[in-house]
Amino acid sequence: MDERNIPTFTIQLDTLNVEFESQAEGAQFGQPRRFEGVATVEVPGLEPRQQDFAVNHPLSVGGDSVFLLGNGYAPVVTVRDAQGEILFSDAVTFLPQDNNYFSEGAIKVPGRDPGLGLVGFFVPTFTATEETMGSAFPGLADPRLILTAYEGELFPGGRPQSVFSINTEDMDQMMLPAEDAEPEPVAFALRPGEFYELPDGTVVQFEDIIRWGGLLVRHDPGRMPALVISMITLAGLALMLGVRRRRVYVRVEPGSAEPDGHRHTGVSVAGLPKGTDPGLDGVVEDVLARIAQAVDPQQSNTTAAHTSSKDEA
């Protein structure tokens, strides 16, 4: 495939509307009911246009199809140093781990010395017991951002790593200062609008929540040839099913010589249908008539009735 044949375009996801079942009980509670979005599509040389799309209703751009694969939440987090300077401010994608969108993610702040890494969970509807915590509903009923902090080398050896996790091999977990007790790891939970101050004065603020959408672009240049071939195959199958299948047998038996020296030849014609075939009799008669016509055109009308036999199977 020549990459020059792939269309060039830009897609901006403007809105993504998702609704979950909140009134039902049992297994239907929390099930997705609506996944719809609006995107702005820009193609070089054309005016930008907005298109609606949804699950099973992809965007169509230059012959390509853009499908909505999934979605999730991206908390907007701002990190400031002790002097109030912004070290990081952006939306961070957290990946859902279950149907209630209990999500995992990581926030990397390389502009701090040493580097700061925040790892943890985003919970759209927080619920907890003495032993576990989780999400009770996939919608934003009671969102929480639950994090712990590490400091040190964020990218050891410059090796690439996932944006959704942090390699803590060369990092130390931040601990809460304690004079008379064993230090405990820093761990905190924030609601939107809340902030937390780390032991060194760095402030982590949970600003807002936006929804992200996963898109799949499908370029299929063989789609139309495949469609044409499929239609031809379907037409052939319809003809095969519509045409009656039958077999016609002709047996020729030389007879004994008559007193006048002529030799009689016997011809038997039989037909075998696949299933029922009311028109088989006519086919056998037609074959017999053609044989008689070929043997003796003058006597074919009378000879055929007396010199042949017809069997049905």
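The exercises below work through selected features of a predicted model, each with a solution in steps.

Residues are numbered from 1 along each chain as its sequence is written, and because the model is predicted, local features need pLDDT of at least 70 and side-chain atom pairs count only at pLDDT 80 or more, while totals for chains, interfaces and linings use all residues. Side-chain values use heavy atoms, with hydrogens and water left out.

**Exercise 1. Describe the aromatic pairs that involve F122, and state which cluster F122 belongs to.**

Step 1. A pair of aromatic rings is described by the distance of the centres and the angle of the planes. Rings of Phe, Tyr and Trp (its six-membered ring) are counted as a pair if their centres lie within 6.5 Å, and planes under 30 degrees apart are called stacked, over 60 edge-to-face and the rest tilted.

Step 2. The search of the whole structure returns nine aromatic pairs. One of them joins Y73 and F122, whose centres are 5.4 Å apart with 50 degrees between the planes, a tilted arrangement. This pair links distant parts of the chain, since Y73 belongs to strand β5 (residues 64–80) and F122 to strand β9 (residues 115–123), 49 residues apart. Helices (H or I, at least four residues) and strands (E, at least two) are DSSP runs, numbered from the N terminus.

Step 3. For burial, the cut-offs are under 20% relative accessible area for buried, over 50% for exposed, and partly exposed in between (1.4 Å probe, protein chains only). Y73 is buried because its relative accessible area is 1%, and F122 is buried because its value is 0%.

Step 4. F122 also pairs with F206: the centres are 6.4 Å apart and the planes stand at 90 degrees, so this pair is edge-to-face. Here too distant parts of the chain are linked, with F122 in strand β9 and F206 in strand β18 (residues 203–218), 84 residues apart. F206 is likewise buried, at 0% relative accessibility.

Step 5. One aromatic cluster is formed by F20, F29, F35, Y73, Y101, F122, F137 and F206.

**Exercise 2. Check the length of helix α2 and find which of its residues are buried and which are exposed.**

Step 1. The expected span of a helix is 1.5 Å times one less than its number of residues. Helix α2 (residues 280–295) has 16 residues and should therefore span 22 Å, which agrees with the 23 Å between its end C-alpha atoms.

Step 2. L280, V284, L288 and A292 are buried in α2. They lie on the same side of the helix because they cover an arc of only 110 degrees around the axis, where the arc is that of the directions from the helix axis to the C-beta atoms.

Step 3. R290 and A294, on the other side of α2, are exposed.

**Exercise 3. Identify a cis peptide bond and two residues other than glycine with positive phi, and locate each.**

Step 1. Most residues other than glycine have a negative phi, and most peptide bonds are trans.

Step 2. The peptide bond from D113 to P114 is cis, with omega near 0 degrees, and P114 is in the loop between β8 (103–109) and β9.

Step 3. N56, which is not a glycine, has a positive phi of about 70 degrees. N56 is placed in the loop between β3 (49–54) and β4 (59–61), and it is exposed because its relative accessible area is 68%.

Step 4. Y101 has a positive phi near 65 degrees and lies in the loop between β7 (95–96) and β8.
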